[in-house]
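Morning, everyone. Please bring up the structure on your screens.

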Amino acid sequence: MTPVGEAGAPAARQPWRGVIEEYREFLPVSEATPVVTLLEGGTPLVPAPRLSERVGARVLLKVEGANPTGSFKDRGMTVAISKAAEQGAKAVVCASTGNTSASAAAFAARAGLTCAVLIPEGHIALGKLAQALIHGAKVLQVRGNFDQALTIVRELGERAPVTVVNSVNPFRIEGQKSGAFELVDALGDAPDVHCIPVGNAGNITAYWKGYLEYREAGRSTRLPRMLGFQAAGAAPIVAGHPIERPETVATAIRIGNPASWYGATAAAAESGGGIAAVTDEQILAAYRFLATEESVFCEPASAASVAGLLATGLPDGLGPAPTVVCVLTGHGLKDPDIAISQISVPTAIDAELGAVLAELAL
Ligand code: F0G
C-alpha cells in the first residue's frame with residue numbers, strides 16, 4: 001500500500017537533507033549552529049564493470065563530482081562555514097589548488113560572509129577559477145605554489161579577523177568524514193579497499209576518521225585498507241620529505257608539503273594500506289579509461305585513485321570477492337583544457353548531409 005500523508009495525499013519520500021542533517025549526531029554541531037547547506041553529499045556510488053573485470057574485484061566509484069560545486073570539498077565546507085557563521089565570523093579565507101576556493105566561495109556567499117582565496121597563478125583549472133569568481137570571492141593569484149599560499153593563509157588567520165577554511169580547520173575534516181558514512185550505509189559495511197588521491201591529505205584523514213567512528217558506533221564491523229595515491233611529481237609522502245617544486249598535470253594535487261601529512265601516514269599504517277605514487281601518464285590513462293569505458297568524467301587528480309589501483313593491484317591477504325571503492329573527487333568539467341588536450345580536435349565540415357555521411361563512414 002502507498003503510504004499516505006496527513007492530508008490523504010501520498011507521503012513524500014524524505015529527500016536528501018545535506019551532510020549536517022543526515023549525520024548530525026556524528027558532527028560538532030548543536031541547535032545553535034546555523035546550518036549553511038547546498039544539500040551536498042548523497043553522491044552516487046556507481047558500479048564500474050569494466051574496471052572490476054580488469055582488477056578482479058567488485059569496484060565502485062564514489063562520484064564526488066556530483067556535489068553542488070562539483071567536488072568533495074562541499075562536505076567539509078558545509079560544516080566549516082556553518083561553524084564560522086555560528087562563531088560570528090565576518091570573513092573566511094583559504095589557499096587552494098581550485099576546488100576548495102570554488103566551494104568556499106559558494107558556501108560563503110550562501111552565508112553572507114566575505115570570502116578571499118589565494119590560488120597559485122597559472123596552475124588552477126579554468127572551471128574552478130570561474131566558480132570562485134562567479135560566487136563573488138576576492139581571488140588573489142599568488143606568484144608561487146599552493147604550499148606557499150597556505151603558509152600565508154595560516155599567518156593571515158593569526159593576524160587578521162578571518163577564519164581559515166582549509167582542511168587545517170578541523171571542521172572541514174569533520175564534514176568530509178561523511179563520505180565514509182555514506183559508503184558504509186550504501187554497502188552495509190565498509191569496503192575491503194578504499195582508493196583515494198592524496199594532495200594536502202585532508203580527505204584520506206577524514207575518510208579514515210569516518211570509518212573508525214562508524215565502526216565504534218556499531219554501524220560497521222570492519223575497516224578498509226586505505227590506499228592513497230600521489231602524483232609522482234608531487235609525492236612528498238612517498239619520498240619522505242617535502243617537495244619544493246611539485247609538478248603534475250593533476251593540478252588539484254600539485255602539493256609538496258601536505259598539511260595533514262601525519263593523518264595520511266596514520267591512515268595507511270593503521271589500516272594495513274599504503275601511500276604510493278602514480279605518473280602523469282598513468283593518471284591520464286585512467287582518466288580516459290573512466291570516461292570512455294565507465295562513462296564517468298572526473299578531473300585528472302581524481303583519476304589518481306583508479307590509476308593507483310590499476311598500477312599496484314589489489315593488496316595481499318584480501319578475502320574472496322573483495323569490494324573496492326575508488327573516490328573520484330571532482331568533476332571532469334572543472335578542467336576542460338586537459339580534456340580537450342587528450343582527444344583529437346573535432347573535424348569541421350560543410351553544412352551538408354553528404355559531408356556528414358562521408359565523414360562518419362557509416
Ligand atoms: N582531488 C581533488 C579534485 C582535489 O581538489 C584535491 C585537493 C584532492 C583530490 C586531494 O585532497 O588535499 O584532501 O588530499 N584539493 C585542494 C584544493 C588542495 O585546494 O582544492 P586532499
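Start with helix α5, residues 126-134. This is a predicted model, so keep that in mind throughout. Which residues of α5 are buried? They are G127, K128, Q131 and A132. Buried here means under 20% relative accessible area.

Now look down the axis of α5. An α-helix has 3.6 residues a turn, so residues three or four places apart point the same way.

What do the buried residues of α5 pack against? Two of the partners are helices: α4, residues 99-111, and α14, residues 336-341. The others are strands: β4, residues 114-120, and β5, residues 138-142.

Just after α5 comes G136, with a positive phi of about 90°.

Next, the pair α4 and α5. How far apart are their axes? The answer is 8 Å, and the packing angle is about 20°. Angles under 35 degrees count as roughly parallel, so α4 is roughly parallel to α5. Their crossing is left-handed.

Who makes the contact? From α4, we have N99, S101, A102 and A105. From α5, we have K128, Q131 and A132. Sort the contact by class, and you get three nonpolar, three polar and one charged residues. Look back at the buried list for a moment: K128, Q131 and A132 of α5 are on it too.

Stay on α4 for our next residue, R110. Is R110 buried or exposed? R110 is exposed, because its relative accessible area is 58%, and exposed means over 50%. Leaving out residues up to four places away in sequence, R110 touches V36, T37 and L38. Now find R245. R110 and R245 are 135 residues apart in sequence. In space, their C-alpha atoms are 36 Å apart.

Last stop, H194. You'll find H194 in strand β7, residues 193-197. Its relative accessibility is 0%, so H194 counts as buried. What does H194 touch, again skipping residues up to four places away in sequence? The list is L183, Y207, Y211, P224, R225, M226, L227, V325 and V327.

Over to you for questions.

Methods. Residues numbered from 1 in each chain as written. Predicted model: local features only at pLDDT ≥ 70, side-chain atom pairs only at ≥ 80, totals over all residues. Heavy atoms only, no water. Buried < 20%, exposed > 50% of the residue type's maximum accessible area, 1.4 Å probe, protein only. Helix = DSSP H or I, 4+ residues; strand = E, 2+ residues; numbered from the N terminus. Contact = heavy atoms within 4.5 Å. Axes fitted to C-alpha atoms, helices over the stretch in contact; angles between N-to-C directions. Parallel < 35°, antiparallel > 145°, perpendicular 65-115°, else oblique. Left-handed = near helix turned anticlockwise from the far one by under 90°. Nonpolar A, V, L, I, M, F, W, Y, C, P; charged D, E, K, R; others polar.
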